[in-house]
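Let us walk through this protein together, one part at a time. Keep the viewer open so that you can turn the model as you read.

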Amino acid sequence: MNDMEPLHAAADFIRQADGLLITAGAGIGVDSGLPDFRGNQGFWKAYPPLAKAGIEFTAIASPVAFRDDPALAWGFYGHRLQLYRDTVPHEGFAILLEMAARMEKGCFVFTSNVDGQFQKADFDPERLVECHGSIHHLQCMNACTSAIWPADDVAPVVDHARCRMVSEMPRCPHCGELARPNILMFNDGDWVPDRMEMQHARLQTWVSSVQRPVVIESGAGTAIPSVRRLGEVFKAPLIRINPRESEVHRGSDIALPTGALNGLRMLQAELAGMA
């Protein structure tokens, strides 16, 4: 099989589909300049103060960190919140929207990313599942209620040399205790999943309406395989775009071993050639 055959087959699946399920992991944001925290070395490169202290991603991305050292935990998440607010989604997001616009049922997004990049790229927020939550929403640290509210009023000021939040940390409007991002962290028994569950219910409604779906997966790894599993069990052809872990296991699935933006540009060009 030459290199063009899988690309042509992938474009043909897209051309014939009436609905696009977009599944995405951290790798889709790399072309926008976002870190993907691949292993401790990648994480520590992004956060040198945590590297110096020997604090791993699984330790800082934990409710325990908020209880033990709230300023450090919010230093990490406050930095990320501002980073994601400032980041401009790359061209690949627009390419996905263009593909979906050709389909009768449009698209739905399932992502493990908490960064809100799909919303910034003008995807319909009513057609989006953030399976690990969103940094742009908050909940009570102690889950005093199931309330979830926007983080719009949080204006993080972070001492980057120490990775510590020096501005006022957000508080729960119901009990006055510390608030935290509405993100599913490691060893997290207090995450409030209500927002995600409502999103997932809308996904199920959309799935039942689609007759000829296709899945495009971008930047989803195997370390936390939530995104990959959905695409693999979905009854539709899967196009997996991944520079390092592109292997597929079903005969109808297609691997494109490249980065998200390059892979989507390749698909766009192939579709244009088929028009």
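**A walk from pocket to helix**

The residues that line the largest pocket divide into 23 nonpolar, 15 polar and nine charged. Here Ala, Val, Leu, Ile, Met, Phe, Trp, Tyr, Cys and Pro count as nonpolar, Asp, Glu, Lys and Arg as charged, and the others, Gly among them, as polar. You are looking at a predicted model, in which local features need pLDDT of at least 70 and side-chain atom pairs count only at pLDDT 80 or more, while totals for chains, interfaces and linings use all residues. Residues are numbered from 1 along each chain as its sequence is written, and side-chain values use heavy atoms, with hydrogens and water left out.

The largest pocket holds about 1,200 Å³ of space. Of its 47 lining residues, Ala 26, Asp 36, Phe 37, Phe 57 and Ile 224 are the closest to its centre. A pocket is an open set of points on a 1 Å grid over the protein atoms alone, where a 1.4 Å probe fits, with protein on both sides within 12 Å along at least five of seven lines; lining residues have an atom within 4 Å of a point. The volume is the space filled by probe spheres set on the points, which are joined across faces, edges and corners.

Next, find strand β1, residues 19-24. Helices (H or I, at least four residues) and strands (E, at least two) are DSSP runs, numbered from the N terminus. Are the residues of β1 buried or exposed? Gly 19, Leu 21 and Thr 23 point one way and Leu 20, Ile 22 and Ala 24 the other, and all are buried. Buried means under 20% relative accessible area, exposed over 50%, and partly exposed in between, with a 1.4 Å probe and protein chains only. In a regular strand the side chains alternate between the two faces of the sheet.

Strand β1 runs parallel to β9 (residues 213-218), joined by six bridges, and parallel to β2 (residues 107-111), joined by five. Two strands pair if DSSP finds at least two bridges between them. Ala 24 has Ser 218 as its bridge partner in β9 and stands opposite Thr 111 in β2.

Elsewhere, an open sheet of three antiparallel strands has the order β5-β4-β8. Because β5 (149-150) and β8 (179-183) each have a single partner strand, they stand at the edges, and one side of each is left without a neighbour in the sheet.

Finally, Met 266 sits in helix α11, residues 260-274. Met 266 counts as partly exposed because its relative accessibility is 30%.
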